[in-house]
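Let's take a walk through this one together.

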Amino acid sequence: MRRKSAFKLYACCVPVRGAVRSTLCDLQRQTYRFIPNALYDILTQHEGKTLSEIKRIYGSKARPVIDDYFKFLIENEFGFWCDEPDAFPALDLSWERPERVVNAIIDIDVDSSHNYYSLLHQLDKLGCPALQYRFFCSITWDQLEVALKPTEASRLRSIDLIVRYNPDWEEEALERLCLRHQRISDIFVHSSPVERTVHVRAIGTRILYLVQAIDSSSHCGFVHPRYFAVTLEGFVEAHHHNSCLNRKVSVDAAGNIRNCPAMARSYGHASEVPLADALARPEFREAWDVTKDQVEICQECEFRYICTDCRALISDSANPLSKPLRCGYDPFTATWKSI
Amino acid sequence: MIVLLSRQELEPTTDDVIDWLDALGGEWIRLNGEDLTGRESFDIKLDGCCNDAEFRIADCVVRPKSVRAIWFRRWHLFRDFPVSGLEAPDLRSAVDRHLGREMRALTEVLYGLFSNAAWLTSPSETRVSKLAILQLAAQAGLLVPSSLVTSRKTSLQAFKDRHGRIITKCVGDVEVFPHAGRSWGLYTAELTQADIDSTPEAFFPTLVQERVEKRYEVRAFFIGAEFYSMAIFSQDDAQTREDFRRYNLARPNRNVPYLLPDQTLVAARTFVRSAGLSTGSIDFVRTPDGRHVFLEVNPGGQFGFVSRHCNYFLEKRVARHLICADRVSGASTQACHTLVEGSENVEAKKLKNEPGSVGRTVHVKSAKLARGKPDADGAGREPIGPIPSIDGNQEMPEIGELFTRETVEAGFYPLGYRLMRPMNSPNDPSVHIGSSRFHRTTAYVCARHYKAISRPIDFGAPQVKGGLLDNETKVSI
């Protein structure tokens with residue numbers, strides 16, 4: 001490093017300050033690291049200053065710590081020393097998508113009677129690129145194929161399947177399914193006797209076998225680091241919109257159109273109301289712009305732009321801006337507890 | 001009507017622009033090069049003047065006079081025809097060559113049909129030679145590396161002596177050679193003294209350039225006079241030092257938004273104008289002493305990765321540009337571009353309308369990239385949420401030789417052949433699966449969604465992982 005150089009974070013590495021610690025979100029490599037708030041301040045308030053200037057501000061006792069900080073930043077390729085800091089603008093945090101719907105959920109239980117062709121056709125018209133089918137009940141291969149068939153000619157780029165474990169299915173059969181429908185990104189097999197993960201060879205689709213049962217739409221909204229999305233797209237979206245509900249449309253197991261299946265309000269039955277009409281109602285989009293910066297407690301959390309919010313299941317039903325019910329993280333102590 | 005000339009596979013950028021065309025109300029038809037030799041029947045009716053001509057493929061009719069904008073994105077290469085029933089290899093290759101020529105001639109007819117439209121990258125833009133471009137760039141005031149094309153060892157040695165370190169690259173387009181189950185690419189490579197010592201006195205004409213010392217590379221996408229640049233920190237990785245296209249997928253180069261200095265920007269605009277380029281990408285090297293050296297320009301080159309890394313929304317800008325070109329009859333690309341700048345509000349209103357229904361498309365999954373495992377936190381298991389966009393778990397191919405020293409000495413080849421390396425790019429054909437079949441098809445490269453759609457799994461309380469700065473109490477001020 002040169003004496004007169006300024007330290008610059010790569011634009012894709014963005015620090016987020018929490019109540020007692022911060023995260024440094026690496027949106028390119030899709031990871032994050034914890035950093036002390038003191039380092040957050042150095043990176044934000046003292047951005048563009050030289051090392052000696054920063055050391056002068058913090059006094060001689062802090063020198064070895066500051067050296068450690070910059071060693072950490074350089075070793076992990078979070079930033080670089082340069083003489084032309086103005087040539088490197090910060091990332092534009094605006095979020096724009098051409099699609100009117102960015103993801104959709106269709107729930108299925110024993111009594112469901114969805115018209116998949118109609119739903120998929122409508123989702124296509126809305127530009128929807130990602131779909132999740134959640135089968136709460138046992139299903140046959142035929143039922144699965146009936147649901148997947150109309151996706152073949154759609155503009156979907158990704159399909160997630162949540163299916164109930166069926167002892168009659170061979171593991172190879174599920175893998176063949178992934179090869180036939182290559183847009184499947186993940187399959188979660190719930191109510192399984194054992195917990196394990198299978199990667200389908202050549203295409204990398206994941207099949208996760210889970211012991212727990214996923215038997216209703218209210219079995220949702222869990223907050224956990226495994227669900228964090230350290231992606232540029234998710235990160236910038238969370239600055240402007242709700243990280244779960246924005247441009248989402250769902251059809252619950254009974255056929256009702258909702259923003260999310262766990263939300264109370266229905267906008268009519270999918271056999272009677274076109275999805276586009278439901279979406280056009282302003283109430284439908286009420287939760288779309290609730291950001292983590294508005295949600296109590298979350299607004300002081302260092303995970304707020306990589307975490308996915310939940311407005312359906314909240315800790316205080318009387319307060320629409322209370323934190324998600326199924327979050328065990330306390331940003332004031334930086335500890336997780338079971339929920 | 002906007003016509004998109006593209007190809008079936010590995011064209012996610014075309015798909016992304018189409019999504020924006022739909023959102024902004026553009027009328028489009030996509031034509032993939034492969035469609036002309038596919039199963040679909042097609043005719044080009046040439047009655048009288050070009051205004052009455054008609055192009056039909058399957059059930060889709062395009063009348064050139066209604067086409068006002070063309071996006072010439074990419075086109076099929078037309079080779080390796082299924083020459084069946086012919087056993088003699090000489091005859092097969094002659095027939096294959098001839099069929100390829102016929103298809104390219106036919107492509108010219110197609111271009112001619114749309115000659116009155118505004119082209120975003122006209123075919124003529126792509127035919128300008130690399131060396132002519134270097135001269136135009138120098139005339140426009142850009143710094144360019146010293147270059148020499150030679151077939152003599154003595155000239156090569158003199159050039160090396162003058163410039164110290166030198167590199168070689170293709171005079172024309174890069175090429176990929178299939179061999180031993182992998183693809184070998186002609187990357188830009190350094191020619192060392194040992195390489196020169198082992199060259200024959202005479203060799204195939206080869207382009208050599210002084211090696212420009214890099215601090216980082218700059219990829220500057222332009223459309224009209226607008227520039228959107230990205231710095232690529234390829235220097236810190238031995239694999240990408242000479243050519244960032246030799247991607248390191250496990251630890252990708254840092255790619256960040258960048259602002260070219262005014263002087264370089266002004267010269268670059270002059271260059272783009274004088275070279276008659278409507279859109280493309282310029283590769284610069286930023287030297288340790290702060291100069292920006294022009295390396296080359298890719299007319300109509302890839303921009304998806306610049307857009308994605310820098311959040312520039314280039315697909316939207318291209319879509320908007322095409323729509324304006326289509327709506328303003330006879331406008332030059334430049335004029336369209338001016339108009340585009342003022343169209344933000346109109347387009348915001350359009351976005352609320354139903355997406356255009358003219359573009360018809362069958363979306364069939366075509367290629368899928370294997371996915372990597374990002375470094376997960378918490379439970380230390382792979383996350384459910386994020387989308388690794390580029391594969392991180394592909395094995396790095398070993399560095400080997402396709403053309404050995406003996407081969408090159410015995411034959412008459414460009415020097416770059418000796419330095420050919422196996423490719424390790426996301427375009428590695430070994431990861432393609434499936435194919436699309438119909439014209440207008442959008443062959444989607446599937447991508448995992450950028451976040452979890454729902455979160456129905458209870459993973460319990462996470463185990464918190466330690467690390468150098470992960471613990472607040474360990475290091476603090």
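At what angle do helix 5 (residues 141-148) of chain A and helix 6 (residues 171-180) of chain A pack, and how far apart are their axes? Keep in mind that you're looking at a predicted model. In it, the angle between these two helices is about 15°, and their axes lie 13 Å apart. Angles under 35 degrees count as roughly parallel, so helix 5 of chain A and helix 6 of chain A are roughly parallel to each other. The crossing they make is right-handed.

Who does the touching here? Helix 5 of chain A brings A:Trp141, A:Leu144, A:Glu145 and A:Leu148, while helix 6 of chain A answers with A:Ala173, A:Leu174, A:Leu177 and A:Arg180. Sort the residues of this contact by class and you get six nonpolar, two charged and no polar ones.

Now slide over to another pair in chain A. Helix 1 (residues 37-44) of chain A and helix 3 (residues 63-75) of chain A cross at roughly 75°, and their axes come within 11 Å. Since 65 to 115 degrees counts as roughly perpendicular, that's the word for how helix 1 of chain A and helix 3 of chain A sit relative to each other. On the helix 1 side of chain A, the contact uses A:Ala38, A:Leu39, A:Ile42 and A:Leu43. Facing them from helix 3 of chain A are A:Ile66, A:Tyr69, A:Phe70, A:Phe72 and A:Leu73. By class, this contact has nine nonpolar residues, with no polar and no charged ones.

On to chain B. How many helices and strands does chain B have? There are 11 helices and 21 strands. Of the 477 residues in chain B, 54% are buried.

How far can you trust what you see? For the complex, the predictor gives an ipTM of 0.93 and a pTM of 0.86. Chain B has an average pLDDT of 75, and 69% of its residues score at least 70.

Terms used
Residues are numbered from 1 along each chain as its sequence is written. Chains are lettered from A and ligands numbered from 1 in the order in which they are written. This is a predicted model: local features need pLDDT of at least 70, side-chain atom pairs count only at pLDDT 80 or more; totals for chains, interfaces and linings use all residues. Side-chain values use heavy atoms; hydrogens and water are left out. pLDDT is the predictor's confidence in each residue, from 0 to 100. Axes are lines fitted to C-alpha atoms, for helices over the stretch in contact, and angles run from 0 to 180 degrees between N-to-C directions. Helices (H or I, at least four residues) and strands (E, at least two) are DSSP runs, numbered from the N terminus. Angles under 35 degrees count as roughly parallel, over 145 as roughly antiparallel, 65 to 115 as roughly perpendicular and the rest as oblique. A crossing is left-handed if the near helix is turned anticlockwise from the far one by less than a right angle, and right-handed if clockwise. Contact means heavy atoms within 4.5 Å. Ala, Val, Leu, Ile, Met, Phe, Trp, Tyr, Cys and Pro count as nonpolar, Asp, Glu, Lys and Arg as charged, and the others, Gly among them, as polar. Buried means under 20% relative accessible area, exposed over 50%, partly exposed in between (1.4 Å probe, protein chains only).
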